[in-house]
Amino acid sequence: MTEMPKRDTQGKCEGECRDRVKEGEEERQAKLSHEDVESPEEYPNAPEAKKRNEPPGSLGGHV
């Protein structure tokens, strides 16, 4: 490749110019929209998870 593509230097597209990043994001979002997942409102309330002042392992278990 001897020259830089014009789409990279001037924003002018020649031939096939697809925004694969945006297309991929839209494909992933569409796939996620069809998944059957619970909404955050359906999860149990865990008030202990809101406080992060205690060191790890303070309630037992491994660190």
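**Reading a salt-bridge network**

Mentor: The term covers a side-chain nitrogen of Lys or Arg within 4 Å of a carboxyl oxygen of Asp or Glu. This is a predicted model, where local features need pLDDT of at least 70 and side-chain atom pairs pLDDT 80 or more, while totals for chains, interfaces and linings use all residues. Residues are numbered from 1 along each chain as its sequence is written, and side-chain values use heavy atoms, leaving out hydrogens and water.

Trainee: How many salt bridges does the count come to?

Mentor: Three, by this rule. Glu-23 takes part in a salt bridge with Arg-18 (2.8 Å, N to O) and in another with Arg-20 (2.7 Å, N to O). Together, Arg-18, Arg-20, Glu-23 and Glu-27 are linked in a network.

Trainee: In which helix do Glu-23 and Arg-20 lie?

Mentor: Helices are DSSP runs of H or I, at least four residues, and strands are runs of E, at least two, numbered from the N terminus. Both residues belong to helix α2 (residues 20-33), three residues apart, about one turn of the helix. The protein chain has two helices and zero strands.

Trainee: What percentage of the protein chain's residues count as buried?

Mentor: Of its 63 residues, 2% do.

Methods:
Buried means under 20% relative accessible area, exposed over 50%, partly exposed in between (1.4 Å probe, protein chains only).
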